[in-house]
Amino acid sequence: MLIVGMFYLYALSYGQNKYTLNGRVVDENKQALTGATIYVSPAAKGAFTDANGNYIIKDIVAGIYKIEISFIGYNSIVDTIDITGNKIYNAHLSESAINLQEVVVTDNYVETRKKEESLNIEIVNDDYLKQNMGGSFMNSLERLPGVTTIDIGSGQSKPVIRGLGFNRVVVVENDIKHEAQQWGADHGLEIDQYAIDNVEIIKGPASLMYGSDAMGGVIDMKNRKLPADSTYGGSVDLSGKTNNDFVGTSVSLYGRKRWFFADFRATFLDYEDYKVPTDSVDIYSYRAPLYQNHLRNTAGKEQNLHLTMGIIKTKFQSKFYISNVYSKNGFFANAHGLEPRNVDTELHDKSSRDINYPYQQVNHFKAINTSQYNFGKAKIETDFGFQRNFRQEWSQYVSHGYMPATYPTSLNANPDLELQFDKYVYSGNLKFSYKINDKAQFNSGINSDYQDNRIGGRGFIIPAFKQLNLGGYILGKYASSVKSIIQIGVRYDFGDIRAQAYSDWFSSPVVSNNDTTYQYLQRAGNINGNFSNISWSLGYNYNAEKWSFKANMGKSFRMPTAKELAANGVNYHNFSYEVGDAGLSPEVSYQLDAGLEYNSSDFAIGATPFLNYFTNYIYLNPSSEHNRLYGNGNQVFYYTQCEVLRYGAEIHAHYQLLKPLQVGIIGEYVYSEQQSGEKKGFTLPFSPPASAILNVKYQKQKIKFIENAYWSVDYKLTAPQNNIVPPEEKTDGYQVINVGLGGDVKLKNQKISVSLQVQNLLNTKYFNHTSYYRLINVPEPGRNLIMNISIPFSGKIKRK
């Protein structure tokens, strides 16, 4: 029905006349502005002004559009135009030292954000995500310098920024912090990468604006695109991958009539067990053979629905986002539980697409409202959100320790439900900004959320808990000159966490004074803790014609999680017994960031060094103890704290050899060292090794019938990681070649965008030090051919 509807809409728009939009952009003195950006949406057409300030955009279908004209250092113009024939639109831009962050999706927006933000940031759009599509949303971003992932199979991954991950990186979607079970190494993000059109990655501590947990950085996903008045449209995305026979489609439909708009998207994905370039893996002392190179039971599927609607007025905007992301994927059968040898290989190897025990299924529901009120120089923004994250992990019941051989029917529960987490999150933000003049801007805000996390299942790792987070900040920006911007801010945070006591559902023997009694052992006691902190930040930006410099220093903090405070159980995914500490203090970090960049018409180079010091970093410390009460002698890990020193940098450079041919390099390095405690002198777990990408890219506006054509080759070199903390193993270096090509083709008036990648071209066997499966010697996926086809369509809604 969706395909039939698409062709019906296409038939309505076919044959419409096309016109030309042209004009001239000048400054207040009527001097031409060379390189100003003109963008027309939703036609998705743009142009740059030439040396005389002139521009021209061809092949625009009749309709009402939004035009955006911007230039660095000048106030942008956003207007609505009615195209009924060839049209001339001239613009005068006024100079401004500080630009408010407007809803702009042009390349100029990216440059403006980078020049006005004192922290180092990367900004990418949906085209980048499609051209670099990985197995998950975060895999699609890991080509960016300073961004890596902790992978859990082919469809799940966690973000890592400059070596920091888990609860030290905040993920934000539509201005609301994404809250799930991010404390787990085997828990990925419940994000639909097809539903994202703009991503900002902030590298470094961003606690000032985003609160606790943003010590390492922020992944901020925004949907900035707004349809023009009296238009409709959408897109059909088709994706396929050869390594795990992935098939997926995502279909969107949108429309706008005057002040009301709506957007709907549905995404469906299905994939089988992924393949690795080896016929066996060594799980500690056991070698597990692999059938036809498949990592058995890593198949999965995903079904997502999104609905967006809103009101667009001159001084008021309000948007509603409703989404439901559902996924079901298996765990590598030989790496879950305590008996990797006792796996029914005949069952698992019968089909590479079925999902057997053990597996997890996750459903994440979101309802978000964001509103904006404009009062001339002032702006008020409100964000309200509700989330429910429901996660279940299933595996066949096996008695461990003193668990009964048969699960008692009196418990009225499914014995195969290993773990269950049911989390309800209520969020609210209030933000106020005031532009005092062209040189000064004031921002303030309040962030809050309340979390209620409930548990179930036969296993135990963390207790049920309730948590309240509340914080407020003040930030000021002042342009001391056209080239210099100073930023200063302060924030106060308060957090309260209440964890519930938990006791075993089965009895265990306890020996006291030579007497043995059977008791229901308490695994966690009641915890009532509250934490508070003052954070601050001081930043400076200098933007010359070709040079830019930025520096930022600040203090940030993170309150301990329920797992860090009260964990007491087996983690079956990595064969460990983990124990929390109710006496942990909040993490406090001090960081200095800098960035230096040079840009010319054919050459660019930049470096972003950082220095980071933690007074009390929290991590899992392996001990010499082994727990035999709940399993077959799992090594015991205790949450502890220590001082940590971290430093590193990212570099990037590119040179335009010829007009269509560019060569470049991207590199990153992170060093971490514990300065106190039992592991003094050691690094931190999951520390990424140094790496670099050598890139060659060819792009041309048109090659025969292909528009916006490109091809690229990435040669990635990763150094060995010999700086480890036990029980990690040293990881050899490796080299991998990835290639990509694509462009737009037209069938009559219909544009079709095609992108093709070949990842791991030579089918190289290598290990990723930050992969979750590195602990059990599972190599990274083998050669993978990825294709994405995007078919956009649009038209005009006729006025009565």
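The model is a predicted one, and every value below was computed from it.

The chain splits into two parts, with domain 1 covering residues 18–96 and domain 2 covering residues 112–796. Taken over C-alpha atoms, the centres of domain 1 and domain 2 sit 38 Å apart. Where the two meet, domain 1 puts in 13 residues and domain 2 puts in 14 residues. The size of an interface is often given as the accessible area lost when the parts come together. For domain 1 and domain 2, that buried area comes to about 1,100 Å², and 49% of it is on carbon and sulfur atoms. On the side of domain 1, a trio of residues stands out: Pro 42, Ile 64 and Ile 72 supply 40% of the area that this domain buries against domain 2, more than any other three residues. Strand β5 (residues 63–70) gives the largest share of the side of domain 1 that touches domain 2, namely four residues. As for charged pairs, the count of salt bridges between domain 1 and domain 2 is zero. The interface of domain 1 and domain 2 does have one residue pair in polar contact, with both residues at pLDDT 80 or more.

Next come the strands. Strands of a sheet pair through backbone hydrogen bonds, either parallel or antiparallel.

Strand β16 (residues 231–241) pairs with strand β17 (residues 246–257) in the antiparallel sense, over eleven bridges. In that pairing, Gly 234 has Leu 253 of β17 as its bridge partner. The hairpin of β16 and β17 has four residues between the strands, and Asp 245 there takes a positive phi near 50°. Strand β17 is also joined to β18 (residues 260–271), again antiparallel and through eleven bridges. Here Ser 252 stands opposite Arg 265 in β18. With two residues between the strands, the hairpin of β17 and β18 has its own positive phi, near 55°, at Arg 258.

Positive phi values turn up in other loops as well. Arg 162 is a residue other than glycine with a positive phi, near 55°, and it lies in the loop between β11 (157–161) and β12 (169–173). Asn 513, also not a glycine, has a positive phi of about 55°; its loop runs between β30 (508–512) and β31 (515–519). The surroundings of these residues can be read from their accessibility. Arg 162 counts as buried because its relative accessibility is 3%, whereas Asn 513 is exposed, with a relative accessible area of 70%. Another backbone detail is the cis peptide bond joining Tyr 357 and Pro 358, where omega is about -5°. Pro 358 belongs to the loop between α5 (345–349) and β23 (359–375).

Finally, a couple of residues inside strands are worth a look. Asp 493 is in strand β28 (residues 484–499) and is buried, at 5% relative accessible area. The side chain of Asp 493 makes a polar contact with the side chain of Arg 491, at 2.7 Å. Leaving out residues up to four places away in sequence, Asp 493 touches several others, including Gly 211, Ser 212, Leu 470 and Phe 557. Leu 468, placed in strand β27 (residues 465–478), has 35% relative accessibility and so counts as partly exposed. Although Leu 468 and Gln 451 are 17 residues apart along the chain, their C-alpha atoms are separated by 6.5 Å. Beyond residues up to four places away in sequence, Leu 468 touches Asp 449, Tyr 450, Phe 494, Gly 495 and Asp 496.

Conventions. Residues are numbered from 1 along each chain as its sequence is written. Side-chain values use heavy atoms; hydrogens and water are left out. Two strands pair if DSSP finds at least two bridges between them. Buried means under 20% relative accessible area, exposed over 50%, partly exposed in between (1.4 Å probe, protein chains only). Contact means heavy atoms within 4.5 Å. Domain bounds come from an automatic or database domain assignment. Buried area is the accessible area (1.4 Å probe) that two parts lose on being put together, summed over both. A salt bridge is a side-chain nitrogen of Lys or Arg within 4 Å of a carboxyl oxygen of Asp or Glu. A polar contact is a pair of N or O atoms within 3.5 Å; within protein, one must be able to donate a hydrogen and the other to accept it, and residues adjacent in sequence count only if both atoms are side-chain atoms.
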